[in-house]
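Visitor: I'd like to learn how to read a few features of this fold. Could you walk me through them?

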Amino acid sequence: MLEHTTKIRVRYGETDQMGYMYYGNYAEFYEVGRVEMLRSLGLTYSGMEQSGIMMPVLELKCKYLKPALYDEEISVKVIMDKMPGIRIHFRYDLSNEKGELINTGETLLVFINMKTNRPCLPPQDFIDKLLPFFE
């Protein structure tokens, strides 16, 4: 299993009149967490795309428990429970500065060969970097 945590501060433009983070912005926080998890392994989305692979989102699940508030620093914990195949699954736990769980979510992405526009397996270097976490 692989886990990684990133901290993101809720900006004014991401909130509504109540000072609550707008519900659609949680998916952006998931993406930042996901990108930073991969970056921590030396992998990048741009590198994947340069090698001819893209990773669109197939599914998104989001459960709101408490609001993220303006100027709060949110911890975005990303969890990968199993080694990816053609699809890759991420879970998210968002916590506020008090350590309270405020949101949970999941995304399912698919590896797509950009030349054929068909699903494919992840590149070998991607697999090699993840293997130590799943042995």
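Guide: Start with Asn117, in the loop between strand E7 (112-113) and strand E8 (118-119). Strands (E, at least two residues) and helices (H or I, at least four) are DSSP runs, numbered from the N terminus. This is a predicted model, where local features need pLDDT of at least 70, side-chain atom pairs count only at pLDDT 80 or more, and totals for chains, interfaces and linings use all residues. Residues are numbered from 1 along each chain as its sequence is written, and side-chain values use heavy atoms, leaving out hydrogens and water.

Visitor: What is the phi of Asn117?

Guide: Most residues other than glycine have a negative phi. Asn117, though, has a positive one, near 60°. Asn117 is also exposed, at 52% relative accessible area (exposed is over 50%, buried under 20%, partly exposed in between, with a 1.4 Å probe and protein chains only).

Visitor: Which loop holds Asp71?

Guide: The one between strand E3 (57-64) and E4. Asp71 isn't a glycine either, yet its phi is positive, about 70°. Asp71 is partly exposed, at 42%.

Visitor: And inside, which residues of the largest nonpolar core touch the most other members?

Guide: A nonpolar core is a set of buried Ala, Val, Leu, Ile, Met, Phe, Trp, Tyr and Cys residues joined through side-chain atoms within 4.5 Å. Here the largest has 31 residues, and Phe29, Ile74, Ile88, Phe90, Leu94, Phe111 and Phe126 touch the most other members. Elements supplying at least two residues each include helix H1 (25-40) and strand E5 (87-95). H1 gives the largest share, six residues.
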